[in-house]
Protein chains: 2
Amino acid sequence: MPNVTTNFKDRTIEYAQLLEDFKTLLKKNNLKFTIQREVILETLYNSNEHLTPEALHHLIQKRYPELKTSIATVYRTLSLLEDSNVVTSLSFGAQGKKYELGAKEHHDHLICTECGEITEFVDEEIEKRQHAITDELGFKMLDHSMQIYGICKKCQEKNK
Amino acid sequence: MPNVTTNFKDRTIEYAQLLEDFKTLLKKNNLKFTIQREVILETLYNSNEHLTPEALHHLIQKRYPELKTSIATVYRTLSLLEDSNVVTSLSFGAQGKKYELGAKEHHDHLICTECGEITEFVDEEIEKRQHAITDELGFKMLDHSMQIYGICKKCQEKNK
DNA sequence: TTGATTGCAAAACATTTGCATAACA
DNA sequence: TGTTATGCAAATGTTTTGCAATCAA
């Protein structure tokens, strides 16, 4: 089977654009543009990772020690961003959620259970099958997520 | 595209067999067979649903009012069963996990965000693609899960 | 009898919320 | 100036843990 449809993705959107969109979004909803909100968006953008609210909060405290940003504000802003589809979250059971910028195209996740690294990919064939399945059942698909768990190449080599 | 590979699954394993396996498992690990552990396994088996620990606890209290089973024991037993691959869990973010018997064959999930109903399915084409993707990356797949979120047929009709 | 298991209550986390103060528009 | 947002601390909800009592082997 030739691999013609699987892509391992890179981010493409620029920060200036993202910030612009965010400001527009806030204005449209009569919300205010605050330094905390900007810092949260910016930190999320510059960390190419999936972050827990707590990890994000720590990062912000390290990067902007003079700014007192509370964990409550991080949670509130993440909810706001998620409701607006600016970020999406991945669930990991009782250990909570991890957030990532959702401005990228839709993608699924490969998760290494050893080092925690997350690789993103999109496979068109899988996307097509998902639509076929929901169509058949009369199910109105709103979203979907797929995770593949295992050991990444690096960790396999480390273990030898 | 003809649908030749998608199956909506039913359970096939028998309880007697499951119980037998569970007892063997306990013995092998020097663990004891208790009435609480049996009741948890049995309730999980007889409820064809994905249950939260709390829901499972409630069900048990209703079905066995004379037996005092604590929520702590439910959590402890679910961990034990999950570690032993007797049950698997589905994560729903901060709302915690739902557990189901994992003795059934592997399957994915269709989740209605309106009524919470979960439908299981397996699609061979998707399974094949998953293997193709991990093979290409040298990633050793241990497990995978896929969830499709949306509105089920019933809820769509209810909303009209 | 001995060691594992249980129930209970307290502890540990993650997340949310009320409220007075501070900051945007 | 008038809201909205923030930080703080308290509240909530879920899961885990310590410990004395109980139970299985």
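Modeller: With a term. A salt bridge is a side-chain nitrogen of Lys or Arg within 4 Å of a carboxyl oxygen of Asp or Glu. Keep in mind that this is a predicted model.

Biologist: How many salt bridges cross the interface of domain 1 of chain A and domain 2 of chain A?

Modeller: The rule finds zero there. It does find two residue pairs in polar contact across that interface, both at pLDDT 80 or more. On the side of domain 1 of chain A, the touching residues are two nonpolar, one polar and one charged.

Biologist: Where do these domains run in chain A?

Modeller: Domain 1 covers 13–101 and domain 2 covers 108–159. Four residues from domain 1 of chain A and five residues from domain 2 of chain A make the contact. Their C-alpha centres are 24 Å apart. About 460 Å² is buried between the two domains, and carbon and sulfur atoms give 64% of that.

Biologist: Which parts of DNA strand D lie within 4 Å of the protein, sugar or phosphate, or bases?

Modeller: Of those atoms, 75% belong to sugar or phosphate, and the rest to bases. Take T73(A): a polar side-chain atom lies 2.3 Å from a phosphate oxygen of DNA strand D. K32(B) instead places a polar side-chain atom 3.3 Å from a base nitrogen.

Notes. Residues numbered from 1 in each chain as written. Chains lettered and ligands numbered in written order. Predicted model: local features only at pLDDT ≥ 70, side-chain atom pairs only at ≥ 80, totals over all residues. Heavy atoms only, no water. Domains from an automatic or database assignment. Contact = heavy atoms within 4.5 Å. Buried area = accessible area lost by both parts, 1.4 Å probe. Polar contact = N/O pair within 3.5 Å; in protein donor to acceptor, adjacent residues only side chain to side chain. Nonpolar A, V, L, I, M, F, W, Y, C, P; charged D, E, K, R; others polar. Near = heavy atom within 4 Å.
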